[in-house]
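Good morning, and thank you for coming.

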Amino acid sequence: MRVFFLLLGICLITACNDQKTKNVPPSETTATPTASTVDSLIYPEEIHFKNIRQVTFGGDNAEAYWSFDDQQLIFQSNYSEWGVGCDQMFLMDAGETFKDQQPPMVSTGKGRTTCAYFLPDNQHIVYASTHLADEACPEVPLRKNGRYVWPVYDSFDIFVADLDGTITGQLTDRPGYDAEATVSPQGDKIVFTSTRSGDLELYTMNIDGSEVTQITDELGYDGGAFFSPDGSKIIFRASRPKTPEAIKEYKDLLAEGLVQPTEMELFICDADGSNLKQLTNLGNANWSPFFHPSGEKILFSSNYEAERGFPFNLYMIDIDGKNLKRITHGETFDAFPVFSNDGKYLAFSSNRNNGGTRDTNLFIAEWVD
């Protein structure tokens with residue numbers, strides 16, 4: 001799953017994967033400096049950022065995805081002061097911050113949720129939840145035989161909800177893990193990860209849940225997938241165990257509903273799964289990829305330069321694997337870069353300005369090419 005605070009555990013443990021402003025243009029809601037706009041939050045080397053704005057101020061907050069009209073974002077948080085015990089989905093207008101207020105929760109508050117994304121009508125979202133199996137938050141194993149792991153809950157299914165939080169549909173009901181759903185900018189397809197084949201593969205479906213089609217079939221964890229701006233390509237992260245020992249370890253962990261996310265590379269393919277190519281070969285964990293608005297570059301998070309598992313920073317690379325460039329220059333964790341649909345703003349998660357705590361907060365910056 002694309003649960004950021006679990007991957008943040010790599011940083012902490014190995015140091016040894018959302019209408020009030022409908023009539024206001026995004027440029028007016030997100031670009032105007034406010035009291036929370038602090039240029040000192042931008043490190044001197046971060047030449048692609050300006051007018052950065054901190055959105056949240058406590059807890060673990062990530063995966064902020066824009067509505068199709070760029071007026072709102074949906075994100076996940078486990079901030080205890082908002083009354084949740086594990087990840088739930090929250091809605092925000094594009095210009096809001098939450099230092100002294102709480103955003104509306106639009107998931108059920110039951111089970112655990114992940115990976116919300118707007119549908120093209122800007123009035124509904126898709127997200128995965130475990131609430132049908134158990135209304136309590138599931139356990140979160142972090143270590144297995146001394147190795148850092150992610151849980152892959154077989155109780156996750158993908159639901160549709162309106163912005164009042166009412167579930168209006170269920171898109172998956174097969175046994176096993178179904179999660180990590182994102183929507184094509186063309187508004188016609190959803191890509192998601194599922195274990196219905198016995199492995200963690202990518203599938204596409206129509207936005208009503210019909211015509212489910214498997215598009216990857218290599219052994220390993222395929223996940224965190226996003227469409228290109230024109231909907232023609234998909235970028236995703238994947239593990240590819242090759243040795244007999246690595247294959248056995250992967251299969252044994254998956255049988256227990258676990259994966260080890262410390263070695264992942266980026267892959268790119270056409271929207272139907274054809275023309276699959278490995279984009280990075282950097283080592284360590286390369287993940288949370290997202291297309292640049294041009295469709296010719298990928299922004300992603302990586303710790304490939306790290307010797308002890310951290311820091312994670314944002315990097316950019318061409319879709320042919322050339323011209324790798326470092327974008328952020330933090331000392332802990334930057335991840336989940338997501339461009340607004342108009343390409344003017346970048347939402348991302350970071351440990352910057354957290355007062356030395358383990359909080360990971362959302363930030364929005366104007367993007368400068």
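**Charged pairs, strands and rings**

Let me begin with a helix. Asp 252 and Lys 248 form a salt bridge in which the closest N and O atoms are 2.7 Å apart. Both residues belong to helix H3, which covers residues 244-255, and they are separated by 4 residues, about one turn of the helix. Please keep in mind throughout that this is a predicted model.

How many salt bridges does the count come to? The count comes to 13.

I turn now to a sheet. Strands S12, S13, S14 and S15 form an open sheet of 4 strands in that order, with antiparallel pairing. S12 and S15 are the edge strands, each pairing on one side only. Between S13 and S14 the antiparallel pairing runs over 6 bridges. Within this pairing, Thr 193 has Leu 202 in S14 as its bridge partner.

In one of them, the side chain of Asp 178 meets that of Arg 196, with an N to O distance of 3.0 Å. Asp 178 lies in strand S12 (residues 178-183), while Arg 196 lies in the loop between strand S13 (189-194) and strand S14 (201-206). The pair therefore links distant parts of the chain, 18 residues apart. Are these two residues buried or exposed? Asp 178 and Arg 196 are both buried.

The other salt bridge joins Lys 189 and Glu 211, whose closest N and O atoms are 4.0 Å apart. Lys 189 is in strand S13 and Glu 211 is in the loop between S14 and strand S15 (213-214), so this pair ties together parts that lie 22 residues apart in sequence. Lys 189 is partly exposed, at a relative accessible area of 24%. Glu 211 is exposed, at 56%.

Besides its salt bridge with Asp 178, its charged end sits over the ring of Tyr 203, 5.4 Å from the ring centre. Elsewhere, Arg 240 lies over the face of Phe 267, at 4.9 Å from the centre of that ring.

This brings me to the rings themselves. A pair of aromatic rings is described by the distance of the centres and the angle of the planes. The count of aromatic pairs comes to 26. One of them is formed by Tyr 65 and Tyr 117: the ring centres are 4.9 Å apart and the planes stand at 40 degrees, so the pair is tilted. This pair, too, links distant parts of the chain, with Tyr 65 in strand S2 (residues 61-66) and Tyr 117 in strand S5 (residues 113-118), 52 residues apart. Tyr 65 is buried, with a relative accessible area of 1%. Tyr 117 is buried as well, at 10%.

Finally, there is a cluster of rings. Phe 49, Phe 339, Phe 348, Phe 363 and Trp 367 are linked into it by ring pairs. With that cluster I conclude, and I thank you for your attention.

Methods:
Residues are numbered from 1 along each chain as its sequence is written. This is a predicted model: local features need pLDDT of at least 70, side-chain atom pairs count only at pLDDT 80 or more; totals for chains, interfaces and linings use all residues. Side-chain values use heavy atoms; hydrogens and water are left out. Helices (H or I, at least four residues) and strands (E, at least two) are DSSP runs, numbered from the N terminus. Buried means under 20% relative accessible area, exposed over 50%, partly exposed in between (1.4 Å probe, protein chains only). Two strands pair if DSSP finds at least two bridges between them. Rings of Phe, Tyr and Trp (its six-membered ring) pair if their centres lie within 6.5 Å; planes under 30 degrees apart count as stacked, over 60 as edge-to-face and the rest as tilted. A charge sits over a ring if NZ of Lys or CZ of Arg is within 6 Å of the ring centre and within 35 degrees of the ring normal.
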